[in-house]
Structures are given as C-alpha cells and as structure tokens.
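Have a look at the model with me.

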Amino acid sequence: MEMFFNILREKGIRGVNRGVNAVALRQVTGWSSRIGMSRFAEESIRSITGKSEEKLQFGEKLLASTMGSTLSCWNQPFEVLRVEMQSIKNDPTRPENPTMISTFTHIFAASGVKGVFRGVVPRIGVATWATVCVVGFGDTVKEMVARK
C-alpha cells in the first residue's frame with residue numbers, strides 16, 4: 001500500500017494506471033481470439049473428418065481448443081508492453097513517460113522480435129488450460145444442461 005500511495009502522490013492516477021491500455025487490448029483480443037479461433041478449428045476438423053452437424057468427439061474438441069488458444073497468443077506483445085510499462089525497475093534506457101508506442105519501440109530496439117514475444121510459451125500453456133475449460137468443457141456442460 002505504501003508503494004501505491006507513493007506512486008499516487010508522485011505521478012497521480014495516470015501513474016497508478018500505467019499500462020492499462022495494453023491490459024485492455026490484451027484481454028479483449030485474447031478471449032475473442034481464443035473463442036473465434038477455437039470455433040474456426042472446430043469447423044476445420046469437421047471439414048477434414050467429413051462431419052457436418054454431428055457432435056465432435058471429446059478429443060476433437062480438445063484439439064480445437066488447443067489450436068485456438070495457441071493461435072490466440074498472437075497478442076503477447078500487449079502483455080509484454082503492460083509488464084514493461086508497469087515495471088518499477090530503474091532503467092535509464094526506458095522512456096520516461098511511457099506510451100504503448102514508445103515502450104514497444106524501446107523493447108524492439110533492445111531485444112527485437114524475440115523481446116516482443118518474450119514469455120509466450122508459458123502463456124500458451126495458460127491459454128490452453130483456460131480455453132479447454134471454457135470453450136471445450138463449456139460446450140459439454142451447455143449440452144448437458146440443454147438435455148435436461
């Protein structure tokens with residue numbers, strides 16, 4: 001709490017909410033991408049297996065959710081921006097008043113594409129777990145409730 005109040009006193013509400021735009025963009029693009037890409041993967045599996053309206057098997061749902069979640073991590077740069085913008089570590093090369101563009105430029109200049117996508121592998125794991133639960137299992141629960 002002491003750190004929060006120090007930031008509030010020194011930089012105001014903008015200092016407390018630093019990186020909030022990057023957070024919002026990652027959240028919006030993350031879930032919409034996960035669901036949309038999972039549904040696209042389901043349709044691709046239907047096309048490959050010749051199923052039109054039949055229910056996908058559990059493994060097929062799992063595969064579609066995994067594919068959708070992995071592809072949804074295209075937006076990892078937003079998460080990297082958030083972390084960098086909210087960092088309190090003193091770094092003389094970091095922009096003094098960071099915006100998304102200045103922070104992106106700083107990260108890209110320092111680390112290239114690899115830096116912009118740092119942490120994507122663990123994020124794929126978390127996204128897969130969440131998407132399998134929400135999209136894959138969610139459809140199963142929805143079907144069970146509809147039958148009752």
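**Ground rules.** I am working on a predicted model, where local features need pLDDT of at least 70, side-chain atom pairs count only at pLDDT 80 or more, and totals for chains, interfaces and linings use all residues. Residues are numbered from 1 along each chain as its sequence is written, and side-chain values use heavy atoms, with hydrogens and water left out.

**Aromatic pairs.** I searched the whole structure and got 3 aromatic pairs. For Phe, Tyr and Trp (its six-membered ring), centres must lie within 6.5 Å; planes under 30 degrees apart are stacked, over 60 edge-to-face, the rest tilted. I looked up F58 and F137: this pair is stacked, at 5.7 Å centre to centre and 15° between the planes. It links distant parts of the chain, as F58 belongs to helix α3 (residues 58–71) and F137 to helix α6 (residues 120–147), 79 residues apart. Helices here are DSSP runs (H or I, at least four residues), numbered from the N terminus.

I then checked W74 and F78: with centres 6.3 Å apart and planes at 75°, the pair is edge-to-face.

**Exposure.** Buried means under 20% relative accessible area, exposed over 50%, partly exposed in between (1.4 Å probe, protein chains only). F137 is partly exposed at 35%, and W74 is partly exposed at 42%.

**Charge over a ring.** I found the charged end of R34 over the ring of W31, 4.4 Å from its centre. The test wants NZ of Lys or CZ of Arg within 6 Å of the ring centre and within 35 degrees of the ring normal.

**Last stop.** I placed F4 in helix α1 (residues 2–16); F4 is partly exposed, at 37% relative accessibility.

Notes
Helices (H or I, at least four residues) and strands (E, at least two) are DSSP runs, numbered from the N terminus.
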